[in-house]
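Please look through the sequence and the model below before reading on. The text then goes from the overall fold to single residues.

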Amino acid sequence: MEKSRIGSAVSRFIDLIVAGLYWLICSLPVITIGAASTALYYAVVKCVRHERGRLTGVFFSTFRREFRQSTLTWLIYIGYTAVIALDAYAIGASGHGGGVLGILRWVFFLPALLSLPWMFAYISRFSNNIKGSFKFVGWLTLRNIGRSVILAAVLIAVGVIVYLTPLLLPLLPGAVCMLMSLIIEPVFREYTAEQGDE
């Protein structure tokens with residue numbers, strides 16, 4: 001019994017590393033990060049957490065199936081962030097970077113930062129168009145603001161870790177996705193239960 005538990009734990013650990021490597025490879029063009037993140041989340045939840053299906057098949061079938069919507073959604077995030085970053089730079093360069101304006105230029109990054117972890121998890125689990133996805137994820141982010149802040153903090157922490165120790169990058173995506181799923185999945189289960197009741 002103990003050996004089977006250890007074997008299962010080792011197998012899950014290996015699957016997390018493999019899923020993370022798939023994510024890294026599929027994210028190399030940068031514009032495909034959204035599709036890779038959608039595939040990673042679905043594969044981790046289905047294959048690693050619930051041990052259903054084969055990781056490779058599930059990851060790449062999800063990557064292909066959700067490629068268009070995930071990629072367009074990711075490009076919207078990039079565009080929004082680029083506009084805010086340019087505005088923030090312009091405010092700083094103009095010499096008005098202090099005071100209220102200095103604070104506000106960073107506040108406008110929050111909608112993207114807080115909603116990003118929910119978005120690709122949502123796309124991986126539910127069917128909706130891009131506009132509907134943004135509306136629902138915005139509502140989900142605000143309704144679960146405590147969880148949203150924790151998820152954003154995890155993303156920032158991972159960014160800092162990768163910046164300080166780049167060699168850890170191959171080990172992190174799968175493990176971080178697993179951690180995030182522990183925060184996100186209870187909300188999704190609650191939502192699907194509500195839908196079932198209706």
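This is a predicted model: local features need pLDDT of at least 70, side-chain atom pairs count only at pLDDT 80 or more; totals for chains, interfaces and linings use all residues.

Residues are numbered from 1 along each chain as its sequence is written, and side-chain values use heavy atoms, with hydrogens and water left out.

The secondary structure comes to nine helices and zero strands; helices (H or I, at least four residues) and strands (E, at least two) are DSSP runs, numbered from the N terminus. Read from the N terminus on, the elements run α-α-α-α-α-α-α-α-α. Of the 198 residues in the protein, 39% are buried. Buried means under 20% relative accessible area, exposed means over 50%, and partly exposed is in between, with a 1.4 Å probe and protein chains only. Contact means heavy atoms within 4.5 Å. Among contacts between residues at least 6 apart in sequence, 74% join residues at least 24 apart.

Two packed helices are described by the angle between their axes and the distance between the axes. Here the pair to look at is helix 6 (residues 110-125) and helix 8 (residues 145-164), whose axes come within 8 Å and cross at roughly 95°. The axes are lines fitted to C-alpha atoms, for helices over the stretch in contact, and the angles run from 0 to 180 degrees between N-to-C directions. Helix 6 and helix 8 are therefore roughly perpendicular to each other. Angles under 35 degrees count as roughly parallel, over 145 as roughly antiparallel, 65 to 115 as roughly perpendicular and the rest as oblique. On the side of helix 6, the contact is made by Leu113, Leu114, Leu116, Pro117 and Trp118. Helix 8 contributes Ile145, Arg147, Ser148, Val149, Leu151, Ala152, Leu155 and Ile156. By class, the contact of helix 6 with helix 8 has eleven nonpolar, one polar and one charged residues. In this scheme Ala, Val, Leu, Ile, Met, Phe, Trp, Tyr, Cys and Pro count as nonpolar, Asp, Glu, Lys and Arg as charged, and the others, Gly among them, as polar.

The aromatic rings come next. A pair of aromatic rings is described by the distance of the centres and the angle of the planes. The structure holds 14 aromatic pairs. Rings of Phe, Tyr and Trp (its six-membered ring) pair if their centres lie within 6.5 Å; planes under 30 degrees apart count as stacked, over 60 as edge-to-face and the rest as tilted. Tyr77 and Phe134 form a tilted pair, because their ring centres are 5.6 Å apart and their planes are at 35°. This pair links distant parts of the chain, with Tyr77 in helix 4 (residues 67-93) and Phe134 in helix 7 (residues 130-143), 57 residues apart. Tyr77 counts as buried at 6% relative accessibility, whereas Phe134 is partly exposed, with a relative accessible area of 28%.

The pair of Trp118 and Phe188 is also tilted, with ring centres 6.4 Å apart and planes at 55°. Trp118 in helix 6 and Phe188 in helix 9 (residues 172-197) are 70 residues apart, and this pair too links distant parts of the chain. Trp118 is buried at 0% relative accessibility, and Phe188 is buried with a relative accessible area of 2%. Ring pairs link Trp118, Tyr122, Phe126, Phe136, Trp139, Phe188 and Tyr191 into a cluster.

Phe59 lies in helix 3 and counts as buried at 0% relative accessibility. Leaving aside residues up to four places away in sequence, Phe59 touches Ala19, Tyr22, Trp23, Cys26, Ala36, Ala39, Leu40 and Ala43.

Two loop residues remain. Val30, in the loop between helix 1 (2-27) and helix 2 (33-49), has a phi near 70°, a positive value in a residue other than glycine. Val30 is partly exposed, with a relative accessible area of 44%. Glu51 lies in the loop between helix 2 and helix 3 (55-65) and has a positive phi of about 55° although it is not a glycine. At 48% relative accessibility, Glu51 counts as partly exposed.
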